[in-house]
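This report covers selected strand pairing and helix packing. The sequence and structure come before the details.

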Amino acid sequence: MSTQAKDTAPSPLPKVAKQLIVFDFDWSLADQDTDRYVHEVLSPRLRAKLKQLKSSVQFTDLCSQLLVELHEVEGKSKDDVLNALRMLPMHPGMMRGVKALKQSANVDTTFFLLSNSNQVYIDTILEHHNLLPPAFELFTEIVTNPATWSPSGCLQLSRRIPASSPNQHACSVGCSPNMCKGDELEAFLSRHGGRQAFDRIIYVGDGGNDYCPVLRLGANDLALVRRYRGLETRIAREGNVKAGIRYWAGAWEVEGILGELRGEPRLA
Ligand SMILES: [Mg+2]
Ligand SMILES: [Zn+2]
C-alpha cells in the first residue's frame, strides 16, 4: 500500500450534548466475522466453500445454505453453533469503551447496531458478554437479518429484505440486495426524531458495505474507519465522505476514541 490516508476529524473532538453511535458488528464491535467464524470452528470444509462461492451467490443466501448443510450434512447441533459463537473474540477494550460511553453523565449517547450478520448470532454473543438486558441495556435498536431455529436445531437465516418482496432497495452505492445500510440508518433516524435529534452521528465500521451509510453522514459527523479493510479501500478510491474520519486498527484505539466522545483527553 502507498502512504496511508490521514485523519480528517478535528482534534480534540467538539463537545456535544446528544449523539448517536452506529456500530457495524463483524470486525467492528466484534473482533471477528460471525458468518465465517462459525464454520472455522465447526467445519473447515464449509468455511472453504463459503470462500469459493461468495463471489457468485448473494452472501445472505449463501450463509443460509451453508447453515443447512452444517446441520444436515455435518450433523452440527444448535448447541454446537451457540458454543462457537460464545468463543468468538470480543475485545475487552471495546466492551469497556462502549459501557463507559453509555454510562457517561457527560453526554447522552444512543447506540444503534446495524449489521449484515443475523439476530441469533448477535443476541447470543451480546448476551454471553452481558451486553443485553437485563444485564446491560446498550443498544436502542439492533437491525440485522432475521434468523430462527428449526425444531431439529437448524439455524434458518433469511434476508432482511426477502427476495420475494416488492420493496427491494434502490441503493446504487453497492449494498447487497438483503439490506441497504444507508437506507437503514436513515430509517432509524426517522424513527428517533430525525437527524436534528442528534448533535453528532458516529459510525464505526470496517467493510465495503459500510461505505453507503458513511456517505450519508454530514460534516459534523464522525466515521471511525478500521484500517486495512474494505471501507478504507473504498474511501481511498471513491472519496466523497463529508464526515470527519478517524482511522483505527486495534480495538484499543477505538476505546481511546470512545473516551474522547465522553470528554476524555486523546489517548493516541
Ligand atoms: Mg464489518
Ligand atoms: Zn446502500
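## Strands β7 and β8

Val225 stands opposite Tyr247 of strand β8. The model behind this pairing is predicted. Strand β7, residues 222-226, pairs with β8 in the parallel sense, and 5 bridges join the two.

## Helices α5 and α7

Helix α5 spans residues 78-87 and helix α7 spans residues 119-128. Their axes come within 9 Å and cross at roughly 55 degrees. The crossing of α5 past α7 is right-handed.

On the α5 side, the contact is made by Leu82, Leu85 and Arg86. Helix α7 contributes Tyr121, Thr124, Ile125 and His128. By residue class, this α5 and α7 contact holds 4 nonpolar, 2 polar and 1 charged.

## Helices α2 and α3

Helix α2 (residues 34-42) and helix α3 (residues 44-53) have axes that come within 6 Å and cross at roughly 145 degrees. From α2, the residues in contact are Arg36, His39 and Glu40. From α3, they are Pro44, Leu46, Arg47 and Leu50.

The contact of α2 with α3 divides into 3 nonpolar, 1 polar and 3 charged residues.

Key: Residues are numbered from 1 along each chain as its sequence is written. Chains are lettered from A and ligands numbered from 1 in the order in which they are written. This is a predicted model: local features need pLDDT of at least 70, side-chain atom pairs count only at pLDDT 80 or more; totals for chains, interfaces and linings use all residues. Axes are lines fitted to C-alpha atoms, for helices over the stretch in contact, and angles run from 0 to 180 degrees between N-to-C directions. Helices (H or I, at least four residues) and strands (E, at least two) are DSSP runs, numbered from the N terminus. A crossing is left-handed if the near helix is turned anticlockwise from the far one by less than a right angle, and right-handed if clockwise. Two residues are in contact if their C-beta atoms, placed from the backbone, lie within 7 Å. Ala, Val, Leu, Ile, Met, Phe, Trp, Tyr, Cys and Pro count as nonpolar, Asp, Glu, Lys and Arg as charged, and the others, Gly among them, as polar. Two strands pair if DSSP finds at least two bridges between them.
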